[in-house]
Amino acid sequence: MADSFNPDTVWAPFGAFSHVVIGGPGKVIYLKGQVSLDQSGTIVGPGDMRAQVQQVLSNIQAVLASMNGRMSDIVSLNQFTTDIQTFIQAGDIRQRFFDAPFPVTTTVEVASLFDPNLVIEISGIAEIPIARFEAPATTSPMHK
């Protein structure tokens with residue numbers, strides 16, 4: 001299990017994030033950037049930041065659940081948004097998915113995502129405790 005840390009030598013976090021996460025002995029999971037697509041591949045909430053943050057975090061939650069993971073297993077998030085001010089205003093949605101200790105987070109405003117109706121993409125790294133981790137039924141080796 002990972003631990004978080006907020007040193008008193010830098011500014012205090014003002015949202016749902018930590019300055020440092022120290023990994024433990026679990027399975028490290030690298031999460032592809034998720035956008036606001038439902039299971040059929042249809043955009044949920046075109047141009048609507050709140051609807052998209054909800055869908056993106058729900059997608060991440062579903063990916064983790066497929067391996068018996070939880071949102072609390074996330075140690076790092078990279079967030080790419082086309083409107084950082086509107087994204088910040090949707091912070092309450094993110095708070096519904098995360099409890100302290102929070103993952104480390106980087107948020108960057110970008111000109112666009114792959115579809116102009118998308119306003120947020122979030123990728124991450126999780127560490128699922130070995131005792132809880134369930135390997136997916138089918139996987140493909142990355143390196144042959």
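Predicted model: local features only at pLDDT ≥ 70, side-chain atom pairs only at ≥ 80, totals over all residues.
Helices (H or I, at least four residues) and strands (E, at least two) are DSSP runs numbered from the N terminus. Residues are numbered from 1 along each chain as its sequence is written, and side-chain values use heavy atoms, without hydrogens or water. Local features need pLDDT of at least 70 and side-chain atom pairs count only at pLDDT 80 or more, whereas totals for chains, interfaces and linings use all residues.

Among the residues of helix 1 that are buried are Val53, Val56, Leu57, Ile60 and Leu64, where buried means under 20% relative accessible area with a 1.4 Å probe and protein chains only. The cover over the buried residues of helix 1 includes strand 3 (27-34), strand 4 (74-81) and strand 6 (120-128), together with helix 2 (84-89) and helix 3 (91-97).

The largest nonpolar core has 23 residues, and Ile60 and Ile74 have the most contacts inside it; such a core is a set of buried Ala, Val, Leu, Ile, Met, Phe, Trp, Tyr and Cys residues joined through side-chain atoms within 4.5 Å. Helix 1 gives the most to this core, with 6 residues.

The peptide bond from Ala100 to Pro101 is cis, and Pro101 is found in the loop between helix 3 and strand 5 (104-109).

Key. Buried < 20%, exposed > 50% of the residue type's maximum accessible area, 1.4 Å probe, protein only. Contact = heavy atoms within 4.5 Å.
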